[in-house]
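Thanks for making the time this morning.

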Amino acid sequence: MKYDALLSKTVAGIPPSGIRRFFNIVNEVEGAISLGIGEPDFETPWGVRQAGIESLQHGETHYTANAGLLDLRAEISRYMQERFCLTYRPDKEVVVTVGASEGIDIALRALINPGDEVLVVEPSYVSYRPCIVLSGGVPVALACKKENGFRVTGQMIKEKITPRTKAIILTFPNNPTGAILDRDNLEDIASVLRGTDIFVISDEIYAELTYGGRHVSIATLPGMWERTIVLNGFSKAFAMTGWRLGYACAPEPILSAMTKVHQYVIMCASTTAQRAGIAALSDGYRFHYDDVARMVRSYDKRRQMMLSAFSQMGLPCFEPLGAFYCFPEIGVFGLDSEEFCQRLLREEKLAVIPGTAFGPSGEGHVRCCYATSVKVIDDAMERLGRFINRLGRAGT
């Protein structure tokens, strides 16, 4: 059979994830270490795991409501209010998803008609562009630069808006740069969006992982709640990547449309994971939130450790104030980011991610994740130092 002729041209035209490609390669290289995958090296707190175990022991192995267990949605609603000053009705304005990644997909499919344009902050998470394309939309890049703190501005947005602009995806704290937006930055953006029909999809999965200040959601600003979908989840803050549990919060008409997509393609999130999520928010947040705070302190220590190593190497790097990534510049070595990463893996058995995996504006950078042990970071920095010393400033 001519399989190429049978495949969707849209799917065939989407490249594989640049992150997962390097993840697969490193598994084939003996002795390799990786700063590639954005995953906490902590285990899910025991109380959360225990709740999942007990749910299985009690035979909770059936479907839940499409939108998720009401108890979990109530905890999410309370958490959003107490941590971020956002009010959502648990029965009408919250849906539990299979990770925040599903939230991105169903948000776009609920909003986008063929040909609609979606503004995307870049560099940014690898899934945004493919999900826009799969929903029939057209991604439009907002290329952020180090000189501006990798922040998007109202003026940048204004210059890209056309009659076909339907939505903008904001992702702060940012993956891969670690950039954040403070209230003034968000107000600058909101001043452009108010009075338009442009919706905001705000991916706030790293909201708890900030260094030096508390995260602010754009949905808290006047006139923005009604035009914003807030996405979040349990993977990063609660070290629950494998549980695949996230959620979306939005005004009822939008949330209802998203839930309709969710119920046809997913049905519901895992019952076991949902029970664990209840524990993460009810116990984890109220009584064991120090688990999250402890992880953040550890990430901050590793962040500073990695930045110091880059400085000693003479490797320029923007200071990340959120998430758990550094995005150093490597353009001075005369290699593009893809070639740099390929050679680093081949010559020093160290995997980092090419900046271009996060959009064309990521060229000249690589992403290094510091959500790993101090020992691994020490080893990785030694290997990276040897590599760039061989390259020299002129490139080889």
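This is a predicted model: local features need pLDDT of at least 70, side-chain atom pairs count only at pLDDT 80 or more; totals for chains, interfaces and linings use all residues.

**The sheet and a pocket beside it**

Let me begin with the sheet, an open one in which seven strands follow the order β2-β8-β7-β6-β5-β3-β4 with mixed pairing; strands here are DSSP E runs of at least two residues, helices are H or I runs of at least four, both numbered from the N terminus, and two strands pair if DSSP finds at least two bridges between them. At the edges are β2 (94–97) and β4 (138–143), each of which pairs on one side only, and the twist from one strand to the next averages 20°, taken between lines fitted to C-alpha atoms, with angles running from 0 to 180 degrees between N-to-C directions.

Residues are numbered from 1 along each chain as its sequence is written, and side-chain values use heavy atoms, with hydrogens and water left out.

Now to β3, which runs parallel to both of its partners, with six bridges to β4 and four to β5 (residues 165–171). E122 faces A143 in β4, whereas the bridge partner of E117 in β5 is T165. Together β3, α7 and β4 make a right-handed β-α-β unit, meaning that, with the strands pointing away from the viewer, the path from the first strand over the helix to the second runs clockwise.

How many of the six residues of β3 are buried? Six of the six are, with buried meaning under 20% relative accessible area for a 1.4 Å probe and protein chains only. E117, L119 and V121 point one way, and V118, V120 and E122 the other way.

The term pocket stands for an open set of points on a 1 Å grid over the protein atoms alone, with protein on both sides within 12 Å along at least five of seven lines, and lining residues have an atom within 4 Å of a point. The helix α7 gives the most, with five residues, and of the 23 lining residues the closest to the centre are P15, V126, R129, P130 and A357.

Definitions and conventions: On a 1 Å grid over the protein atoms alone, a cavity is a set of points where a 1.4 Å probe fits but cannot get out, and a pocket is an open set with protein on both sides within 12 Å along at least five of seven lines; lining residues have an atom within 4 Å of a point. Buried means under 20% relative accessible area, exposed over 50%, partly exposed in between (1.4 Å probe, protein chains only).
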